[in-house]
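Trainee: Could we go through this structure together? I would like to begin with a helix.

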Amino acid sequence: MAKGEEKALRPKRAIERRGLAITGACVLLVAVLVLTLIFMVASRGLATFTTDGTPFASFMTGTTWNPHQNDANGIPLVGALPMIAGSFSVTLLSCLIALPFALGSAIFVVEVNPTFGTRVFQPLTELLVGIPSVVFGLVGLRIIVPWTRSWAGGTGYGILSGSIVLAFMILPTVTSLSIDAIRAVPQSYRDGSYGLGCTRWQTIAHVVLPSASSGILTAVILGMTRAFGEALAVQMVVGNAAQIPTSLTTPAATLTSVITTSMGNEAMGTVYNDVLWSLALVLLIMSLVFILIIHIIGRKGAPRG
Amino acid sequence: MASSSASARARRQDHIATGVLTAIVAVICVALVAIVVYIVGSGAGKLFDVSFLTGKPQQFKAGGGIGPELFNSFYLLVLTLLLSLPLSLGAAIYLAEYAHEGPVTTAAKTIIETLSSLPSIVVGLFGMLFFVLQLGWGFSIMSGALALTMFNLPILTRVIQQALEAVPRDQRDAGLALGLTRWETTIHILIPSAMPAIVTGVILSAGRVFGEAAALIYTAGQSAPMLDFTNFDLSSASCPWNVWRPAETLAVHIWKINSEGVVPDLAAVSSGTAAVLMVCILAFNIIARIVGRRLERRLTAE
């Protein structure tokens, strides 16, 4: 009897094993692709320091970007600090611009008018996610750059124009994740606050937002990840001048903008090309750092939430 | 007395806060609608111009069209979906149904999360390194489709995983209690009931793939040879179905003509292309909603 049952189960087990094998193989393939990506970009990016012999410090802290020429000591002028500073400036500034709007609308959607939120606002922000980055760049080129030029003079290209364009692009990410974070605050917290006679705003400011803070922080970091890595929209409006930004309205450059404009022009294996890969490596490492930060926040915020 | 003035102040603050929040939402909605209207409006003249939609792109002369780009965008999208859909379906089923809590699952989740937060330009650069140079495929549709697949995989996996996890536990338990394996339960019960959410998610992700440019400029290339739809020689550069030819898409076209800036009618061509792109994205959004709702209705009516 037991033996017969065993036999009857065998095809079932085979089905299960096949299912596990197929789906497991998919995950494995994705994992191998990601690890290959990290390995290949890293090994190309390190060539600047291993093959070309550029000191790491002169790459990270040098302020002159002209890889076709060498300085007095014969070391190529590959100072990446202008681009690193540019990338961080646009990232931080765009978050500063987007945050009040994202947070305000997230609060509105959860606490003030949920029906409007799910019927109108969320479909609209989903549409905003879908607008291609080059189209944002084009709108920036047509509207934001001339607007900046009209009051700041100069060309209008620069950190500020790039940040405004980026703020629009990260707005849906930050908003929808903030909505999730605020929605996850237990209703009993609000009821408790209202029971004490607090107004809605007092409840939001003193109960809801503090409880949702780790989720909101995650939303901001994910927005920063997106802003840091965005390439074409920024490249179109930032001005592409590889110099340390001294003002928000003068042309600057970011890691992504230099990579997109130069990668196609420099032959593989040259110093210039190698150092572009080093910039890509910095970009890669920064996005890994952002993920790490999100994990740390998640672990810290989890027991409270 | 003092407490009543404090509560009056609290009430006033509450009113002000509500007003400010409403204003913020209003500003966002107006700005968003304005952007869409501006993009479609400034290219509206080209939107129904058949010679623009089917014509040959020009590099130095005015009057270029976007025929090959339009075809390339859709062709790349279809290939990308063909590649990424089975793969992400498998990965999502594994994560939602098979994965146990443990180091392997955590590692898999972290890796997919990593892929989703990698900048698309980095994915494009990897595509250039691996597909274009290492495998020697050159700037080609194949290289581009694979780069887009890497861009699309984490998005799709997440959407499908969430759709599967949203199916009520009872359905899963009922399937298993009937003696079905996990695999059979997934294929015959979970996927059909998660179908509306999956289809909506796939169409929305298609919109993002359609507009992606950074992952493509160094994989599918920035040139669009004129296509001859009567040519079925799969090794010819003018055969539309040849996956080894370079293929510039609509989004890449906008970027390229703007960064080169040599086309005399740059403004008109890029506005027109952006409007076409925007209309397609809007269509994807609307179709996703309609199809999702219709599937949902059919599913619940049964």
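Mentor: Let us begin with a definition: the expected span of a helix is 1.5 Å times one less than its number of residues. Helices are DSSP runs of H or I with at least four residues, strands are runs of E with at least two, and both are numbered from the N terminus. This is a predicted model, in which local features need pLDDT of at least 70, side-chain atom pairs count only at pLDDT 80 or more, and totals for chains, interfaces and linings use all residues. Residues are numbered from 1 along each chain as its sequence is written, and chains are lettered from A and ligands numbered from 1 in the order in which they are written.

Trainee: What span should helix α5 of chain B have?

Mentor: Its 15 residues, 103-117, should span 21 Å at 1.5 Å a residue, and the end C-alpha atoms are 21 Å apart, which agrees.

Trainee: Which residues of α5(B) are buried?

Mentor: A108(B), I112(B) and L115(B) are buried (20 or more other C-beta atoms within 10 Å of its own; exposed means 12 or fewer, partly exposed in between, with C-beta atoms placed from the backbone). They cover an arc of only 60° around the axis, so they sit on the same side of α5(B); the arc is that of the directions from the helix axis to the C-beta atoms.

Trainee: And which are exposed on the other side?

Mentor: There, P103(B), T106(B) and A107(B) are exposed.

Trainee: Changing topic, how many helices and strands does chain B have?

Mentor: Chain B has 11 helices and zero strands.
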